[in-house]
Every structure is written in C-alpha cells, then in structure tokens.
Amino acid sequence: MATPTTSFFLLPLFFVFVFLLPGSDAVFDVVKFGAKADGSADSARSFLKAWSYACNSPSPATVYVPAGKFLVTQAVFRGPCRNSMIKFLIQGTLVAPSDYGGSGGSDQWIAFSGVNGVSISGGGTLDGGGSRLWACKLAGRSCPSGTSSLTFANSKNIAVDGLTSINSKLFHIVVLRCQNVKLIRVNIVASGNSPNTDGIHVQMSTGVDILQANIRTGDDCISIGPGTAHLWIERVFCGPGHGISIGSLGKAQGLQEESVRNVTVKTVTFSGTQNGVRIKTWGTRIRGQVRGVVFEDALMRNVQNPIIIDQNYCPGNKGCPGQSSGIKISQVKYNNIRGTSATPVAVTFDCSPSNPCSGITLQDIKLSYHSQRAQSSCKYANGVASGLNLACSVAYFLMGEGGEEMVRNKQVVLKKFAVGVPKETDMEIRQGKASFRSPTAVEGAIVVKNLYLSCDPYMRGRMRDYADSYIPPFQPGSVIEGFGVAKVVDSTNPNFCVGDYITGLTGWEEYSTIVRTEQVRKIEVFDVPLSYHVGLLGMTGFTAYVGFYEICAPKKGDYVFVSAASGAVGQLVGQLAKLHGCYVVGSAGSAQKVDLLKNKLGFDEAFNYKEEPDLTEALRSYFPKGIDIYFDNVGGAMLDAALLNMRVHGRVAVCGMVSQHAVSDPKGISNLYTLVMKRIRMEGFIQSDHLHLFPKFLSTIIDLYKQGRIVYIEDMNEGLENGPEAFVGLFTGNNVGKQVVCVSRE
C-alpha cells in the first residue's frame, strides 16, 4: 500500500495526527478526516483515509471513531500494514445504507483483509440496517443476498472485545481463512425471523476463541463451516436463533471438503432456539470429516432439538435425493447437558448409512419434555451412554421423579447456639437433598455447586441468640452460611449462566439455591487460584484494604502494629503497609507463625504474644517511639496494651475481636483515657460499608499479586465434613493463614 500524501485532503498534517509520548499509539480520528457523525453523510472515504495512515504507521496506531452515528456505504480495510498493532476504538455507531445496494455486488459491508494484529474495542455498534431486505426475502420477492456486517479474511492475530452488531443484512461476523482470532463479549441482535443472519460464522480458520457472547438472531447463533480447527466457544447465550451448528458440510462442489476438528463448546445457554448443538451435513457423496468435538455444560430451555446430528439434510430434495453423506463424524462427546426440550425427542442421531457416526459419548444428559422423560432416536450411530452401549436403539435420558433431578446434599447445620468457645458439637453433618433446578416460583434464582468455603471469625457472632447486629444470627436446625466460591449449575437469572463461577454468601453444603443474588458476584479473573476469591480477592482481602487505606489513613514512615498478623486479614495488612513505606511489626501465636511473618510476608519484626508476660512492655520494646497505626484483629488485653503505646494522633482500626468471641463474659477496655490524652482516633468498620471501592481494590491487589509484590497463605481443609473442625480451629490458633474448606475441586 502506498504511503498517504497530503493530496488526500487540504488540512495540514498536524491537524490530522495526534502524536502521543514515545512508545504510545498514534491516534487517527475519523472526524479529522472528514467523517460526519450525522448518520446521513457517507463517511466511508474518511474511514479508509484514517486506516491508510494507521496501516502505514511504523509504530502502533489507533483509528478512533467517537460517539455519534456514521453512515458508511462500504469499507474494506486491506493489509499488509507496516505495523502489527492497530486498534479500532469505536465508541459510536456505524450505520449501513438501508437499501439493498451500495456494496457494488460484494457480500461485505465492513471488512478487514490480509491484516495482522488488528483489535476492535470501545463498546461501539454496527447497525446493518437489514429490516427492509428481510421483508423482501420473507415476502418471497427477488432480492439480493445482502452483506455481512463485519468480515475478517486472510488475517491473523485479531481481537474484538465488546462490539455490538444489530440488524445485519446477512451474517453479523464472518471469520474466513484466519488464524488466532478472539471474539470476546460481542453482543449480536436481530429479529428472530430475520433470514440468513448467522451471528458468527467461522470457516477455513484455526485458533478462534468466542467467549462471553450474547447472540439473539434469526439463524445460527454460531455456524461452523469446513476447514475450521481448534475452535473454542465458551459462556455464550443463544436465543432466539438456530443454535450452534457445525455445517452445512458436503454442499460444495468437488469430491473432497476440508474437515472440521477440535471444536469445544462449553457453558452455553440456549433459550427458545430451533436447535441446541447440531452437526449437519448434506446427503451428498462429497467426502470429509468432523472429528474431536466436545459439547459440555449446556443448559437448554424449551429448545426444539437440543442435541442433533443430521446427515440427511436435503432441502427440497434437490441435488441429493437417495444419496448417503460422505462426511465421517467421529469422536463427539456430549457431557452435562440439561434442561427442557420443546419436542418429545430431545436427542436425534440421524447418521449416514455409508459412514456411520462412531465414538459418540453421552454422559450426564438430563433433558425433560413437559416434566416427562425425554427420548432419543438413533440411526447408524455407535458409542456409549453413561457406560452403556448405544447401538442404534431408542434410549431414555431421565431427570428423576416428576422431571426434577434430586441429588444428595451434605450440609453443615447449627445444632444449638454456641456458648463460649465454639465447639464442633455445636454443629452437625446432615444428609439433605438438593434440586438441580432453580425454583420457578422465585424469579432470578440460581443453583450452585459449592467449591470453597471461607472460615471467618465473624461467623461466631451469628451462632448466638442475639439479633441486634449488622447480620442476623443462624437458627438452630438451619444450614450455616458464609462466603464461598461456587459454580452455577442452573439459573433463571439473566446475569448468571450455567458454568459461571461466583463468589459471595452461600450455604455450608454441597449445593445451594441462592435467591438473593445481589449478595454474589460473577468471577471474571481466572489466572489466580479460585479459592483466593474468598481470601485475597474476597471479603477478607477487601477488609484489609479498606481498613488500612481508608480507616488508618497511612503515611510513609508510619509505625504500624498488626495483631493476628498471620491470619486472613493481618497478613495482607502487613504487606500493604510495607509497600506503603511503613515500619511493620506483627503478633502471632506460635514460633512457626512468627517465622512466617518475618521471612515470607516481609514484616520488619514479629513476636509470639503467648510468650510475652507483659504485652505493654513487649510493644514498648518493638516501638520505642510509639505506634502510629494499630490494626486490631483481637481486642482484649492486646488492645489495652497498644493504647498505652500509641503516639499522638495515632489511629486504631478495630477490625475484629477474636479474643472476645471465645469468652462468655467479654472484658472491657481499661485504657480508653489515652484516646483523649493522645488525640487518638479509634474506629470500628465493616467492609460492606465501602463497596464502592471494591473495583479499585480488585484491580490493585490483582496487579500486586501478579507482579509478585504480595503473597498469600492459605490453610486448606479437604471435605465439607471437616468444616466444623476448621472453623473451631480459628479460635485456638490452629490455622496458619486464611482458613478455607474445600468442598469440591470441580
């Protein structure tokens, strides 16, 4: 491509370019090239000019589309380019002409061809203006086929994040002969009766990821054509539409068609669709294969054909009557697919008599029709279903009594209110039952499988008959509640899909139905251990963050004391204080914990409070100049001693009183007079009062953890039956680090 010159326009170059600091992107604003955000003047030429400069930039470049509506008749952005880092930052809406023409006979509206390293972000919208063409097609008139809204062809290293495509005339997004493409959080919307408006079409491409997409259209939500390999589809909502389909294969001319292999579709919800997961081939002799496909963790809601292989596709009996499909289908796995079918036969395998389907695996298929047993029909297919041979017979996949699947559900129940130090006998293990279905009487509920549960001292306060608190008490005979990490197994809530991981308040049991979903949040970060979402990235981590930065108001050089410093909160407070430039001393209850504080967590000093006959003198020896900040996790005698050692204008963050949880007659504080003498500010706090800071906390702590600047220590007990022991151990100092109970690894 030739280097652009000023002959394109009369404005001086300094008006067109925005040069940032060395190493930053050059930004090319389409408005500076003449684009009009009025939705009526054709801005295609302006977009192409901006692309020309970005493509010829020797350094990373950004094409910027600001807010507003931009009419674009057609734009094909061609490579190769001089750099492989070009961003399209679209904050406005690109509008296609509503008539049928304007594309010169092409089937592309917005297209990228032969490019490398292009990304699209910014939350913008492509409006294909397809309603008039749909009406023409539905009326049976002679109409053009239309244009696909966004096409990537012969390109590699492509990323699209947060783009919306509405009302496409043909396919919304096409990936053709590409490598390494990521489509994330795309939102696709068209009428349920819009013809030929596939959401995403992938063909002759490898290494494509489609993640967290929301697709509502009139044809396949995702269609997978020949030559597709290493395709990963996860966390997609589909409906209305025709489902996710591999096919149609065997339609092309010739004797051989490129194979489809290594396709994974998992954690997908289908709602009111014509199909769920489908493999479709024409009944022709053209040879090819579909191999290595996984359909996993799918939820069907009133889907006409939840699972289908159709190798006798021959619409209108034209060109293929009486023929047998030459496409070989093998090694296809269906796992954990559940929900409701809109037809009595939920599973259909109609395979080729000359090339029977082989290596079909069905595991945990639980589909119902009108609360009755759903059926499956099998022709020329071989494989296994839950360990049984599936030899071309009719099989039934049962839900359970009345169409509802019930499972055993181990639970930890409060047996009686605790007195003094909590004991394991205050709780009991009970075998209950749980439903895999969200209750229909409660809108927006979810059912989760609990994976990790957090042991926290505040739970002791909920085990007493005392209602005057910020959180109500547990009731004897009820399941104990706490913070946890869980996986969604059923949902009637549009904000949570089957397969999502969540963290928040859940029951101490294997499966929980959560009605108050405002108390949980979806986990978006997966490159840290899942259990950290109840510790480092959960309530305890946020408590440390809020307490230190908001309550303690630290200054560089402050003298900081942390009690229970090796616990879930204290270990992070000490590390944040060190990063802030403070001198930090921690107390703990064993030599092992003291060593941990000094040699792993980076505290300046630490001591075993159990070995100190006089806590006041011990603190004076570690803080000869006094304490600026005391982060109190224990209360009692330690708080009294710390108050005597505070400096003028010191700050005390009262986070917990673990020493007082374990006594039936809590002791008062004797040295409160120091608050007046030394003008000390002592403040209790609860992390939930500061939730507006949570996004900043999450971003900060994740960055620090990934950079290796903080570490986090867990004490993991395996098995829900060991939960009471783990919880009781908090009050005797048995835990080293954050105490977590692992209910299930998955």
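# Exercises: cysteines and an annotated histidine

Cysteine 378 is buried, at a relative accessible area of 8%. Buried means under 20% relative accessible area, exposed over 50%, and partly exposed in between (1.4 Å probe, protein chains only). This is a predicted model: local features need pLDDT of at least 70, side-chain atom pairs count only at pLDDT 80 or more, and totals for chains, interfaces and linings use all residues. Residues are numbered from 1 along each chain as its sequence is written, and side-chain values use heavy atoms, with hydrogens and water left out.

**Exercise 1.** Classify cysteine 742 by its relative accessible area.

*Solution.* The value for cysteine 742 is 2%. Cysteine 742 is therefore buried.

**Exercise 2.** Count the disulfides, then describe the link of cysteine 55 and cysteine 81.

*Solution.* Start with the rule: a disulfide is a pair of cysteine sulfur atoms within 2.5 Å. The rule gives four disulfides.

Next, the distance. The sulfur atoms of cysteine 55 and cysteine 81 are 2.0 Å apart. Then place the two ends. Helices (H or I, at least four residues) and strands (E, at least two) are DSSP runs, numbered from the N terminus. Cysteine 55 sits in helix H2 (residues 44-56), and cysteine 81 in the loop between strand S6 (75-78) and strand S7 (86-90), so the pair ties together parts that are 26 residues apart in sequence.

Now the torsion. It is about -105° about the S-S bond of cysteine 55 and cysteine 81, so this disulfide is left-handed. Finish with accessibility. Cysteine 55 is buried at 1%, whereas cysteine 81 is partly exposed at 24%.

**Exercise 3.** Locate His242 and list its contacts.

*Solution.* The unreviewed UniProt entry annotates His242 as "active site". UniProt positions follow the numbering used here, feature names are shortened, and annotations may be inferred rather than shown by experiment. Histidine 242 lies in the loop between strand S22 (229-238) and strand S23 (244-249). Contact means heavy atoms within 4.5 Å. Leaving aside neighbours within four places in sequence, histidine 242 contacts Gly218, Asp219, Asp220, Cys221, Gln274 and Asn275.
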